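Subject: Structure for you to look at

Hello,

Here is the structure I said I would pass on. My notes on it follow below.

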Amino acid sequence: MTNITPRKLALLAGAVVFVAFYFNSWLFSNILYSEQKNILHIVTACTTGLITYWFTRFIINWYLGNKVRHIYKMINQPANQDEIENKLDPDKPLMQQVEKEVSQFMSSQNQEMNTLRHLERYRQDYVGNVAHELRTPIFNIQGYVHTLLDGASDDPKVNLLYLQRTAENIERLIRIIEDLDSIYKLESNQLSLEWEDIELQSFVKTMIHELDLKAVERKINIQLITEDDVDVWVKADPDYLRQVFINLLENSIKYGNTGGHTHISFHDLQDLILVEIEDNGPGIESRHLRHIFDRFYRVDKNRSRQAGGSGLGLSIVKHIVEAHGQQIKVRSTPGKGTTFSFTLNKKSNLPMAD
């Protein structure tokens with residue numbers, strides 16, 4: 001439907017007056033006057049029509065302008081009336097200016113509503129995921145404790161086993177809570193890095209030794225593939241960098257194939273060092289790769305929970321790497337393995353401290 005503007009209404013009113021005036025003048029002239037006076041009546045009708053057009057347009061604009069200014073005040077909410085007058089352009093039609101303002105206002109409101117809906121979905125998903133992660137160890141602990149209270153504590157074979165399992169689930173709860181605390185600090189920009197010079201080879205070898213028992217249990221061979229006589233120095237926060245390596249290496253052990261391997265290598269990229277952690281595990285399908293760093297995202301939900309993960313490890317890794325001003329990537333081929341790669345600043349290419 002065509003929009004009816006004050007200009008169109010005024011034009012219509014002027015045309016109606018012109019036709020009515022000219023018809024009456026023509027009829028009157030045919031009765032009382034000669035035909036030579038028709039020109040005068042045409043000029044008079046045109047003049048009257050134009051006057052009617054401008055007068056009608058002025059009245060409509062004045063009436064609508066007073067109404068529209070209230071809408072304009074609500075949209076802009078200025079401190080005083082002078083701000084409204086200064087903001088309005090007197091050389092442009094008021095209706096066009098207000099229509100533009102209303103459109104911008106509605107667009108901003110729609111964006112705000114979409115943001116609020118997104119945040120609400122995020123809150124619901126986050127709370128639901130946290131509750132789901134905490135439920136399993138809590139229920140396990142509850143079951144073991146009730147079994148012991150119901151008489152199993154008298155059996156030395158059972159009570160020790162159940163106490164060990166209770167302790168394992170408590171440790172899992174602690175890991176989940178620590179990861180939740182870490183992800184909160186990372187996402188709220190509360191992470192404060194303590195920059196240090198780190199010799200990467202000896203740093204990684206220490207963590208390989210820490211994970212040796214876990215790797216032996218799964219028969220996973222972890223190797224550092226690099227030249228022994230070349231020192232690789234980077235600038236990073238040692239505590240957070242350790243968390244990155246531990247998370248990635250533990251994942252390769254937990255989800256790798258029994259009897260497989262994990263290779264760690266460094267590559268010189270001028271101002272950066274590229275770190276690659278490669279395994280020959282089952283790999284990850286492409287549809288999962290874009291979500292692999294999302295909170296609580298699991299490729300194999302049952303296996304992940306059995307392995308005791310919180311679902312936050314890779315998200316924490318991504319935030320830590322990005323806090324160092326770098327990026328982490330993943331590539332994978334199902335049945336062949338997965339490679340995580342990220343960069344670190346060289347010792348000579350230091351980021352400025354805040």
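**Helix α11 and its cover**

Helix α11 (residues 313-323) is mostly covered, with eight of its eleven residues buried. The buried ones are Gly-313, Leu-314, Ser-315, Ile-316, Val-317, His-319, Ile-320 and Val-321. Their cover includes α5 (156-187), α8, β6 (328-333) and β7 (337-345). Just after α11, Gly-325 has a positive phi of about 80°. Please keep in mind that this is a predicted model.

**The sheet**

The sheet is open and has five strands in the order β2-β4-β5-β7-β6, with mixed pairing. Its edge strands are β2 (221-225) and β6, each of which pairs on one side only. From one strand to the next the twist averages 15°.

Strand β5 (residues 272-279) is mostly covered: six of its eight residues are buried. On one side, β5 pairs with β4 (residues 261-269) in the antiparallel sense over eight bridges. Asp-268 stands opposite Ile-273 in β5, and the bridge partner of Ser-265 in β5 is Glu-276. The two strands β4 and β5 form a hairpin with two residues between them, and Gln-270 in the turn has a positive phi of about 60°.

β5 is also joined to β7 by eight bridges, and these two strands run antiparallel.

Helix α8 lies across β2, β4, β5, β6 and β7, and runs at about 170° to β7.

**The nonpolar core**

The largest nonpolar core has 48 residues, of which Leu-200, Phe-245, Ile-264 and Phe-342 touch the most other members. Helix α8 (residues 238-255) gives the largest share of this core, seven residues.

What does Phe-245 touch, leaving out residues up to four places away in sequence? The list is Leu-200, Phe-203, Val-204, Met-207, Ile-264, Val-275, Ile-277 and Phe-342. Phe-245 has a relative accessibility of 0% and counts as buried; Phe-342, at 1%, counts as buried too.

**Aromatic pairs and a charge over a ring**

The count of aromatic pairs comes to four. One of them is Tyr-144 with Tyr-162: the ring centres are 5.2 Å apart and the planes are at 55°, so this pair is tilted. Tyr-144 belongs to helix α4 (residues 94-149) and Tyr-162 to helix α5, so the pair ties together parts that are 18 residues apart in sequence. Tyr-144 is buried, with a relative accessible area of 17%.

Another pair is Phe-245 with Phe-342. Here the centres are 5.7 Å apart and the planes are at 65°, so the pair is edge-to-face. Because Phe-245 lies in helix α8 and Phe-342 in strand β7, the pair ties together parts that are 97 residues apart in sequence. Ring pairs also bring in Phe-203, linking Phe-203, Phe-245 and Phe-342 into a cluster.

Elsewhere, the charged end of Lys-347 sits over the ring of Trp-233, at 4.9 Å from the ring centre.

**Where to start**

I would open the view at Phe-245, which is among the core residues that touch the most other members and is part of the ring cluster with Phe-203 and Phe-342. From there, the strands β4, β5 and β7 can be followed through the sheet order.

Regards

Terms used
Residues are numbered from 1 along each chain as its sequence is written. This is a predicted model: local features need pLDDT of at least 70, side-chain atom pairs count only at pLDDT 80 or more; totals for chains, interfaces and linings use all residues. Side-chain values use heavy atoms; hydrogens and water are left out. A nonpolar core is a set of buried Ala, Val, Leu, Ile, Met, Phe, Trp, Tyr and Cys residues joined through side-chain atoms within 4.5 Å. Buried means under 20% relative accessible area, exposed over 50%, partly exposed in between (1.4 Å probe, protein chains only). Helices (H or I, at least four residues) and strands (E, at least two) are DSSP runs, numbered from the N terminus. Contact means heavy atoms within 4.5 Å. Two strands pair if DSSP finds at least two bridges between them. Rings of Phe, Tyr and Trp (its six-membered ring) pair if their centres lie within 6.5 Å; planes under 30 degrees apart count as stacked, over 60 as edge-to-face and the rest as tilted. A charge sits over a ring if NZ of Lys or CZ of Arg is within 6 Å of the ring centre and within 35 degrees of the ring normal. Axes are lines fitted to C-alpha atoms, for helices over the stretch in contact, and angles run from 0 to 180 degrees between N-to-C directions.
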